[in-house]
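Visitor: I am new to this structure and would like to know what stands behind the words used for it. Please take me through the terms one at a time.

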Amino acid sequence: MYKVMGLCNLHHSPELGELTANRPLASTSFLGRYALIDFTLSNFSNSDIDDVGILVKHGARSILKHLGSANVWKANTKLGFEAIMFNEKMVNNPRYNHDLNNIRANDWVFFDRAPDYFVIAPVHFLMPIDFRRVIEEHIKNKAELTLVYAPVTNGKSNFIGSEVVTLDANGLVSGIHENKGTVDEIDVSLETYVINRATLWELMKRAAATSSFFGLNDIIGYCCRKGEKVHSFKHEGYVRCFDSLSHYLAHSLELLNYGVRRQLFKPDWPIYTVTHDTPPAKYGLTAEVKDSFIANGAIVNGTVERSIISRSVKVEEGAMVRNSIILTDTVIGKGLVLDNVVVDKYAHLTHAQVIQGEPDEPLYIKQGDII
Amino acid sequence: MPKEMVAMLLAGGKGTRLEDLTKKIAKPAVSFGGKYRIIDFPLSNCANSRIDTVGVLTQYESVFLNTYVGNGEKWGLNGVRSLTASLPPRQTEEGAAWYRGTADAIFQNLDFLDELDPEYVLILSGDHVYKMDYRDMLEAHKKANAELTIAVLSVTMSEASRFGIMNVNPDMTVYEFEEKPKKPKSTLASMGIYIFNYKTLRSALVADAKDETSEHDFGKNIIPTLLKKGQKLLAYQFNGYWKDVGTIDSLWQANMDMLDHLTDADVNSFRLGPKTFSEDTHSVPQYVGRSSCVRDSIVNQGAIILGEVHHCVIFNEVLIEEGAVVKNAVIMPGAMIGKNAVVDRAIVAGGTSIEENRQVNVNGVKIVLVTK
């Protein structure tokens, strides 16, 4: 029996404009009741990985608020363990605030938790993945380092800036380069790795000797260029990259489709999140809801089409919400028409008007704004 | 550290009048209001009243209820200094016996209470839907220097003969208690919520246990005996929403009350103020489809609604297929309403499948319970 520690790596999370100005992507609301980090933590939990470290780059306040005691993701609340890993010294020095320095600053996990394998996974690639299968293959290959990738067919419009891998005939990674959006069919790196404990330790030492700015992806790219063995694991099925506000909107609304939803939410793969004990959603006499997710605590009296209404949102009679995401505790007043808009938490929109964005350029209403 | 007040929650009853809904679970475990079980209400009230020690007396189908109550975590009753204990009947040195009545259930657990050594004991029932801060009641109990305080609710004269009625003096002290009187003298109905001075409760229960003619019931035996002995009993009037959900009709009605726009019981009693806690089902968000219509209803997470829903309470993981029309109904967890089926004025039990095109209680006057 082997021991695994999962590291949820938030260092490479893209920014989604103002939506992530005051919070990291990890604790950004998703589908009205989740935070994006829930999916990575549930992947760990469902893969029987109960030892978890969260590599926080910034915005620890928002992460801690969401996680609480993190008991909802643990199979055994005594044996289960979560560590907030944070590099306090480097937080104001972005070039140095990278994942390897964070792990260095928290290197006690190598000794205290002493896993045989680390599974390192980000939150901006949304996917259901059973890490046990990756680890099995990693062991079978006698690998020291395995990189998880996904073949995708929309590289011109998605995964821009992500890493693309090239594989040799034996399935070893022979090269890594940036996706510049010139080709649709690419094998995109999901920045998800299985690494032996000693190998990660070694990589940290080598990275420091090469460049102080070298993070995990950099040193792995460097290893590939040096012709060292990096094994690969092909992830098949649903994967989306959250790298812009328009993708956030598109990937969210796409899940209204049952066929797509079934790929992310599988019966044997529950997604855990913290409960807020809000009462069920209430639909009034004048509610007109079509093709939408409505979270608990919401009160809907207006029209909602192809949208996501989060916890405790009020959509008043005569309001119209289309193709939009309305975050927690927002009020959408009478006479407002929203189309392709992302409204952040606690906003209070009462003045009747049309607020219209475009699918590839959604409008954003700031947290707590009164309009 | 001795506790000022501990709660003892009577949750052992079957609830026979709920028919097949309580075939495999006890009444306190019956679903209510889209996401709750009835027992969530008194337990949330305890939590919100900052009571940290609760004994739950279970008997009928106790395994599920004991598991559901667990360590009290769902209601936050598992913190430091907290204790949540399920107390089904047990074998002791003296032998083994079922709980013979509400008073006997507490009597058989006097050792549990002695250990905690509380000043006051709050007796609750797991059969009622309401939100109440028991601290206010305790305050009144202390102020009046009463031995026993009974929460009462003003009902109509016609309803009064269905309840235990308290006849009170102007200072709210009780001079007479009448169980289901034919000609009620007052409209103050007992809600089955009692605060006892523990010493008084203890000696009353010990005496009652020796009485072979007693039914060992709080309403029928303990309260009348204390009155006869001239002890000071206080009625504490509660003004919020309260419902005994003991029959299919009243369970349906209480669910429909959550949709009532005149009283706004749902908003005023449950959406505002302290939260009612419950189990989290890890459900995906509820989805309402392209050709569906949902109005005048409350719907829990995990539900998928592709048909029409009017004036309904819809629980988690319910599926309402395209073309189905569901009106004035309570659809419990995991039930499925097939394509073009019609359901009216019904409670559909959890996990039930209503097949395509089936008509349930269309134009019916009575409320029906559907279990298959």
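Visitor: Which residues touch the most other members of the largest nonpolar core?

Guide: This is a predicted model. In its largest nonpolar core, which has 235 residues, A:Val300, A:Ile309 and B:Ile331 touch the most other members. Strand 13 (residues 188-197) of chain B gives this core its largest share, seven residues.

Visitor: What makes a residue a contact of A:Val300?

Guide: Two residues are in contact if their C-beta atoms lie within 7 Å. Leaving aside neighbours within four places in sequence, A:Val300 has such contacts with A:Ala281, A:Tyr283, A:Gly284, A:Ala287, A:Val289, A:Ile294, A:Ile309 and A:Val315.

Visitor: Why does B:Asp208 count as buried?

Guide: A residue is buried if 20 or more other C-beta atoms lie within 10 Å of its own. B:Asp208 has 21 C-beta neighbours inside 10 Å, so it counts as buried. The residue sits in helix 7 (residues 198-210) of chain B. Not counting residues up to four places away in sequence, B:Asp208 touches B:Ala103, B:Ser214, B:His216, B:Asn221, B:Ile222 and B:Thr225. As for B:Ile222, it is 14 residues from B:Asp208 in sequence and 7.3 Å from it in space, C-alpha to C-alpha.

Visitor: What makes strand 19 and strand 22 of chain B a pair?

Guide: Two strands pair if there are at least two bridges between them. Strand 19 (residues 304-305) and strand 22 (residues 319-320) of chain B are joined by two bridges and run parallel, so they pair. Within this pair, B:Ile305 stands opposite B:Ile320 of strand 22.

Visitor: Which strands are called edge strands in the open sheet of 10 strands?

Guide: The order of that sheet is 28(A)-25(A)-22(A)-19(A)-16(A)-16(B)-19(B)-22(B)-24(B)-26(B), with mixed pairing. Strand 28 (363-365) of chain A and strand 26 (353-354) of chain B are the edge strands, and each pairs on one side only.

Visitor: How many residues does each chain give to the contact between chain A and chain B?

Guide: Chain B gives 25 residues and chain A gives 25 residues. On the side of chain B, helix 10 (265-271), strand 16 (286-288), strand 17 (293-295) and strand 18 (297-299) each supply at least two residues. By class, that side has nine nonpolar, nine polar and seven charged residues. Strand 14 (residues 281-283) of chain A also pairs with strand 18 of chain B, in the antiparallel sense over three bridges. There, A:Ala281 has B:Val299 as its bridge partner.

Visitor: What are the domains of chain A, and how many residues does each bring to their contact?

Guide: The domain assignment gives domain 1 (4-264) and domain 2 (282-365). Their C-alpha centres lie 32 Å apart. Domain 1 brings 14 residues to the contact and domain 2 brings 20 residues. On the side of domain 1, helix 8 (residues 245-254) of chain A supplies the largest share, six residues.

Notes:
Residues are numbered from 1 along each chain as its sequence is written. Chains are lettered from A and ligands numbered from 1 in the order in which they are written. This is a predicted model: local features need pLDDT of at least 70, side-chain atom pairs count only at pLDDT 80 or more; totals for chains, interfaces and linings use all residues. Helices (H or I, at least four residues) and strands (E, at least two) are DSSP runs, numbered from the N terminus. Ala, Val, Leu, Ile, Met, Phe, Trp, Tyr, Cys and Pro count as nonpolar, Asp, Glu, Lys and Arg as charged, and the others, Gly among them, as polar. Domain bounds come from an automatic or database domain assignment. A residue is buried if 20 or more other C-beta atoms lie within 10 Å of its own, exposed if 12 or fewer, and partly exposed in between; C-beta atoms are placed from the backbone. A nonpolar core is a set of buried Ala, Val, Leu, Ile, Met, Phe, Trp, Tyr and Cys residues joined through C-beta atoms within 7 Å.
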